[in-house]
Amino acid sequence: MDMRDRLCVEAAQREEAEGNVAENRNQRLYLEGLMGAMQNELKSKKEEIAGLRKRNRTQKDNVEQLRVLLRKQLDSIRSTDSNVGSKEQEQRRLQRLHLETLLELLQKHLEWLDDDPGGGASEEG
């Protein structure tokens with residue numbers, strides 16, 4: 001191979017190497033942009049999860065407060081049952097049954113909230 005051929009081969013190799021460098025730079029920039037977008041999405045999801053957890057805690061507090069009020073009402077009805085006539089006793093029995101059913105439903109809701117502390121959100125992050 002003479003000098004001219006060798007220079008042509010070297011020039012071709014240099015062009016190819018420069019092309020590879022440019023392609024690698026473009027791929028790196030694309031991946032950096034993609035990674036930035038993914039980090040923004042992750043941040044958004046973390047904020048969404050935090051909001052769901054806060055809402056869940058608020059729901060649990062509200063349900064617990066309602067349970068306390070219903071329990072007090074039920075206890076009040078039970079404590080005064082002996083002071084009423086037979087006609088009112090049936091009405092009170094139905095009230096007790098209704099309150100007990102509500103308390104059971106609230107308990108199940110609390111258990112559901114405990115089973116799903118993030119409102120569907122995992123602890124990852």
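Me: How many residues does helix α1 have, and what does it reach from its first C-alpha to its last?
Reply: Happy to start there, and please keep in mind that this is a predicted model. Helix α1 covers residues 3-79, which is 77 residues. At 1.5 Å a residue, 114 Å is expected, and the helix comes close to that with a reach of 111 Å.

Me: Which helix do the buried residues of α1 pack against?
Reply: Let's begin with the residues themselves. Ile49, Asn56, Val63, Leu70, Leu74 and Ile77 are buried in α1. The partner for the buried residues of α1 is helix α2.

Me: Is arginine 92 buried or exposed?
Reply: Arginine 92 sits in helix α2, residues 86-115. Beyond its neighbours within four places in sequence, arginine 92 is in contact with Ile77, Thr80, Asp81 and Val84. Buried means under 20% relative accessible area. Arginine 92 has 13%, so this residue is buried.

Me: Is arginine 71 buried, partly exposed or exposed?
Reply: Arginine 71 belongs to helix α1. Leaving out residues up to four places away in sequence, arginine 71 touches Arg78 and Leu103. Because its relative accessibility is 37%, arginine 71 is partly exposed.

Me: How far apart in space are arginine 71 and arginine 96?
Reply: Along the sequence, 25 residues separate arginine 71 and arginine 96. In space, taken from C-alpha to C-alpha, the two arginines are apart by 10.0 Å.

Definitions and conventions:
Residues are numbered from 1 along each chain as its sequence is written. This is a predicted model: local features need pLDDT of at least 70, side-chain atom pairs count only at pLDDT 80 or more; totals for chains, interfaces and linings use all residues. Side-chain values use heavy atoms; hydrogens and water are left out. Helices (H or I, at least four residues) and strands (E, at least two) are DSSP runs, numbered from the N terminus. Buried means under 20% relative accessible area, exposed over 50%, partly exposed in between (1.4 Å probe, protein chains only). Contact means heavy atoms within 4.5 Å. The expected span of a helix is 1.5 Å times one less than its number of residues.
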